[in-house]
Amino acid sequence: MSQTHPLKPIFDRNSKILILGSFPSVISRKFGFYYTNPQNRFWRVLAGILNADVPESKDEKIKFLLSHHIAIYDAAISCEIEGSIDAKMSKIVPVNLKPIFNTANITQVYVNGGKAYEICKKYLEDEIIKATKNEVTKLPSTSPANAKFSLEKLAKEWSVIVRALE
């Protein structure tokens, strides 16, 4: 079924890094916010590597991201997708990152998983390199579908973000 991205990017002029997912899950689309599936480890991983409490409410999550100079969005603005399964994404239309790059001083873009990386490499790479002078960095997915990565292993891989924020 064809879906259009229902969420706005989260960023401000102080954002230094951008984390792109692929496309919001069914649960995120239903609740109108990023990574709202309690099984997704995104918020726990970020809080862990930044030595912070896990934000709970939508407002706490926005404040958490902006206070750590992190922007988030997704790589696809629309697609055909069955449920929340990235492998079932087709007819992908990439997002427009210009508003983020024109407002914030993004120095690095990270992607949450393989599908986001694939979309960036195919559609967004030139724009990202032009804006940041860096290639996209692929991080392992925080999705519960990526069961081979424990929370500890995810945190170890995602800790590269901390260095980018220093």
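Reply: The discussion below takes up the annotated domain, the pocket, the salt bridges, the aromatic pairs and the backbone in turn. The model is a predicted one.

Me: Let us begin with the record. Which residues does UniProt assign to a domain feature?

Reply: The unreviewed UniProt entry places the feature "domain: Uracil-DNA glycosylase-like" at residues 11-153. Over residues 11-153 the chain is 36% helix and 20% strand. The end C-alpha atoms of that stretch are 27 Å apart.

Me: How is a pocket to be read, and how much space lies in the largest pocket?

Reply: Rolling a probe the size of a water molecule over the atoms shows where empty space is left. In this model, the largest pocket holds about 510 Å³ of space.

Me: Which residues lie nearest the centre of the largest pocket?

Reply: They are Ser22, Ser84, Asp86, Ser141 and Ser143, and they belong to a lining of 27 residues. By class, the lining divides into nine nonpolar, 15 polar and three charged residues.

Me: How should I approach salt bridges, and how many does the structure hold?

Reply: Side chains of opposite charge can pair when their charged atoms come close. The structure holds three salt bridges. One of them joins Lys115 and Glu118, with the closest N and O atoms 3.0 Å apart. Both residues lie in helix H5, three residues apart, which is about one turn of the helix.

Me: Is Lys115 buried or exposed?

Reply: Lys115 is buried, because its relative accessible area of 13% falls under the 20% limit.

Me: With which residue does Glu125 form a salt bridge?

Reply: Glu125 pairs with Lys121, and the closest N and O atoms are 2.3 Å apart. Glu125 and Lys121 both lie in helix H5, with a spacing of four residues, about one turn of the helix. Lys121 is partly exposed, its relative accessible area being 32%.

Me: What other salt bridge involves Lys121?

Reply: The side chains of Glu135 and Lys121 also meet in a salt bridge, at 4.0 Å from N to O. This pair links distant parts of the chain, 14 residues apart: Glu135 is in the loop between H5 and S7, whereas Lys121 is in helix H5. Through shared partners, salt bridges join Lys121, Glu125 and Glu135 into one network.

Me: What does one look for in aromatic pairs, and how many are there in the structure?

Reply: One reads the separation of the ring centres together with the angle between the ring planes. The structure holds six aromatic pairs. In the pair of Tyr35 and Phe42, the ring centres are 3.9 Å apart and the planes lie at 15°, so the pair is stacked. Tyr35 and Phe42 are both buried.

Me: What arrangement do Phe42 and Trp43 form, stacked or edge-to-face?

Reply: Phe42 and Trp43 form an edge-to-face pair, at 4.9 Å centre to centre and with 90° between the planes. Trp43, like Phe42, is buried. Ring pairs link Phe33, Tyr34, Tyr35, Phe42, Trp43, Phe64 and Trp158 into a cluster.

Me: Let us turn to the backbone. What is the phi of Lys91?

Reply: Lys91 has a positive phi of about 50°, although it is not a glycine. Lys91 lies in strand S5, residues 90-94. Lys91 counts as exposed because its relative accessibility is 66%, over the 50% limit.

Me: Where is Lys133 placed?

Reply: Lys133 is in the loop between H5 and strand S7, the latter spanning residues 137-139. Its phi is near 65°, a positive value in a residue other than glycine. Lys133 counts as exposed, at 66% relative accessibility.

Me: A last point concerns sequence and space. How many residues apart are Ala116 and Lys138 in sequence?

Reply: Ala116 and Lys138 are 22 residues apart in sequence, and their C-alpha atoms are 8.4 Å apart in space. Ala116 is in helix H5 and counts as buried, at 0% relative accessibility.

Note on methods: Residues are numbered from 1 along each chain as its sequence is written. This is a predicted model: local features need pLDDT of at least 70, side-chain atom pairs count only at pLDDT 80 or more; totals for chains, interfaces and linings use all residues. Side-chain values use heavy atoms; hydrogens and water are left out. On a 1 Å grid over the protein atoms alone, a cavity is a set of points where a 1.4 Å probe fits but cannot get out, and a pocket is an open set with protein on both sides within 12 Å along at least five of seven lines; lining residues have an atom within 4 Å of a point. Grid points are joined across faces, edges and corners, and a volume is the space filled by probe spheres set on the points. Ala, Val, Leu, Ile, Met, Phe, Trp, Tyr, Cys and Pro count as nonpolar, Asp, Glu, Lys and Arg as charged, and the others, Gly among them, as polar. Helices (H or I, at least four residues) and strands (E, at least two) are DSSP runs, numbered from the N terminus. Buried means under 20% relative accessible area, exposed over 50%, partly exposed in between (1.4 Å probe, protein chains only). UniProt positions are given in the numbering used here, feature names are shortened, and annotations may be inferred rather than shown by experiment. Rings of Phe, Tyr and Trp (its six-membered ring) pair if their centres lie within 6.5 Å; planes under 30 degrees apart count as stacked, over 60 as edge-to-face and the rest as tilted.
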